[in-house]
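Subject: Structure for you to look at

Hello,

Here is the structure I promised to pass on. Please open it and keep it beside you while you read my notes.

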Amino acid sequence: MRASLRVGMLALAFALATAVFGWWAVPLLGAVWGGVAASTSRPAVAAGTAAGLGWILLLALTALQGPVWVLAQKAGGVLALPGWLFAVLTVGFAAALAGSAAAAVSGARRARKLLS
């Protein structure tokens, strides 16, 4: 239960950071999480999951304000992708950014502990 609450709070942080600072806040927050939670189990998985959930929340809130599906279909069409796949890749982008940043920092911290 604690892990799911932690991921939920982290998802809100990813959504808020993205809304305020833009997409580049995702790897920064993921790196911070990787440093803070290096001693926990799978910090990269938690960061990636939370970032994906945060972006799903942002897409859902944006859908309440305008035609997100139309935009997804048009943007997907530019890349010769169906709209649903473009939306999935958008969420996957956030998850990959956050997860890889958390993994890099967490791994560096663990390696540093082993070497010292």
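**A buried threonine**

Thr18 has 13% relative accessibility, so it counts as buried (under 20% relative accessible area; over 50% is exposed, in between is partly exposed; 1.4 Å probe, protein chains only). Thr18 sits in helix 1. Helices here are DSSP runs of H or I with at least four residues, strands are runs of E with at least two, and both are numbered from the N terminus. Which residues does Thr18 touch, not counting those up to four places away in sequence? They are Trp23, Val26, Trp55 and Leu58. A contact means heavy atoms within 4.5 Å.

**Where this comes from**

This is a predicted model: local features need pLDDT of at least 70, side-chain atom pairs count only at pLDDT 80 or more, and totals for chains, interfaces and linings use all residues. Residues are numbered from 1 along each chain as its sequence is written, and side-chain values use heavy atoms, with hydrogens and water left out.

**The whole chain**

The chain has five helices and zero strands. Along the sequence, the pattern reads α-α-α-α-α. The C-alpha atoms fill a box of roughly 55 × 30 × 25 Å along the principal axes. Of the 116 residues, 30% are buried. Take the contacts with a separation of 6 or more: 75% of them join residues 24 or more positions apart.

**Helix 2**

Helix 2 covers residues 25–36. Its twelve residues should span 16 Å at 1.5 Å a residue, and its end C-alpha atoms are 16 Å apart, which agrees. The expected span is 1.5 Å times one less than the number of residues. The buried residues of helix 2 are Ala25, Val26, Gly30, Trp33, Gly34 and Gly35. Their cover includes helix 1 (2–21), helix 3 (43–65) and helix 5.

**Helix 4 against helix 5**

Two packed helices are described by the angle and the distance between their axes. Helix 4 (residues 68–78) and helix 5 (residues 83–115) pack at about 95°, with axes 7 Å apart. Axes are lines fitted to C-alpha atoms over the stretch in contact, and angles run from 0 to 180 degrees between N-to-C directions. The two helices are therefore roughly perpendicular (65 to 115 degrees; under 35 is roughly parallel, over 145 roughly antiparallel, the rest oblique).

Which residues meet there? Trp69, Ala72, Gln73, Ala75 and Gly76 of helix 4 meet Gly83, Trp84 and Phe86 of helix 5.

Best wishes
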